[in-house]
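Here are my notes on the model, point by point. Please read them with the structure open.

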Amino acid sequence: MKTVVSFFAALAALFATPSFANWSANISGVSDYTFNGVSQTQNDPAIQGGLDKAFANGIYAGTWASNVDFGGDTNVEWDFYVGRYLTLTDAVSIDYGIAYYSYHGGDNSSAGNYPEVYTKFGMVNDYGNSELNFWYSWDYFGTGGGHAIAMVAHTFELAPNHNLRASFDVSNSLDGDKWLWQDDGTSYYHYRLAYQTSYQNFAIEVAAENTNLDYDTADERVVFSISRTFSF
């Protein structure tokens with residue numbers, strides 16, 4: 001509870017910042033909501049949407065929601081986040097912040113709520129855009145266990161408005177007595193290859209992905225998504 005109170009206090013302070021700001025909203029439809037390669041919807045489609053506010057000094061805050069299905073009564077994920085995006089040089093950027101994942105639908109859904117901090121580095125080069133991203137939670141899915149994710153990714157421009165993004169990430173449980181991914185496994189890897197384009201202001205992505213987990217919700221799959229962002 002202290003984490004939640006502190007998080008919303010930070011949001012309140014942020015929105016009081018005297019700085020120019022822009023609002024944006026987004027809505028998406030996906031054939032499967034996967035999170036680090038694991039389906040959050042039992043391999044079924046999802047409708048998702050969010051609202052963001054960005055300030056001229058690089059600070060931003062937002063909220064995002066999606067339907068989920070973990071095989072129980074939980075049916076909604078609702079997230080909140082606050083962070084800052086900065087350009088360090090003409091080629092290098094950093095994006096860091098804190099997010100809070102909340103779950104709804106059942107009497108015990110909130111037991112899975114958890115906070116997460118993140119840092120993402122970006123680099124533009126002659127071959128495209130490279131990324132080095134990190135996430136860490138000290139209470140993963142409300143278990144009290146530490147959990148870390150590291151990702152490397154690169155986006156290649158095939159042609160104007162046609163991109164290919166390749167990514168590889170490793171998820172690690174830092175407290176195996178509180179969270180195990182499979183049998184006695186404390187980690188797993190996930191790889192993804194996505195084609196990205198846009199048409200009539202809609203962003204379109206078709207991605208192939210897989211993990212080394214032996215779950216039917218984490219095996220090889222092709223995921224299609226279409227989204228639209230509105231600025232105001």
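1. Rings of Phe, Tyr and Trp (its six-membered ring) pair if their centres lie within 6.5 Å; planes under 30 degrees apart are stacked, over 60 edge-to-face, and the rest tilted. On that basis, the whole structure holds 17 aromatic pairs.

2. The basis of these notes. This is a predicted model, where local features need pLDDT of at least 70 and side-chain atom pairs count only at pLDDT 80 or more, while totals for chains, interfaces and linings use all residues. Residues are numbered from 1 along each chain as its sequence is written, and side-chain values use heavy atoms, with hydrogens and water left out.

3. Take Phe70 and Tyr103. Their ring centres are 5.7 Å apart and their planes stand at 65°, so this pair is edge-to-face. Phe70 lies in the loop between β5 (59–67) and β6 (76–87), and Tyr103 in strand β7 (residues 92–104). The two are 33 residues apart, so-called distant parts of the chain. Strands here are DSSP runs (E, at least two residues), numbered from the N terminus. Phe70 is partly exposed, at 38% relative accessible area. Tyr103 is buried, at 4%. The cut-offs: buried is under 20%, exposed over 50%, partly exposed in between (1.4 Å probe, protein chains only).

4. Next, Tyr101 and Tyr114. Here the ring centres are 4.6 Å apart and the planes at 10°, so the pair is stacked. Tyr101 is in strand β7 and Tyr114 in strand β8 (residues 114–125), 13 residues apart. Both Tyr101 and Tyr114 are buried.

5. Which residues form one aromatic cluster? Among them are Phe70, Tyr101, Tyr103 and Tyr114, along with Phe141, Trp179 and Trp181.

6. Two charges sit over rings (NZ of Lys or CZ of Arg within 6 Å of the ring centre and within 35 degrees of the ring normal). The charged end of Lys120 is over the ring of Tyr118, 5.3 Å from its centre. That of Arg228 is over the ring of Phe202, 5.1 Å from its centre.

7. Now the strand pairing, which needs at least two DSSP bridges between two strands. Strand β11 (residues 162–173) and strand β12 (residues 187–199) are antiparallel over 11 bridges. Leu164 has Tyr195 of β12 as its bridge partner. β12 also pairs with strand β13 (residues 202–211), antiparallel over 10 bridges. There, Tyr191 is partnered by Asn210 of β13. The hairpin of β12 and β13 has two residues between the strands, and Gln200 takes a positive phi near 50°.

Note on methods: Helices (H or I, at least four residues) and strands (E, at least two) are DSSP runs, numbered from the N terminus.
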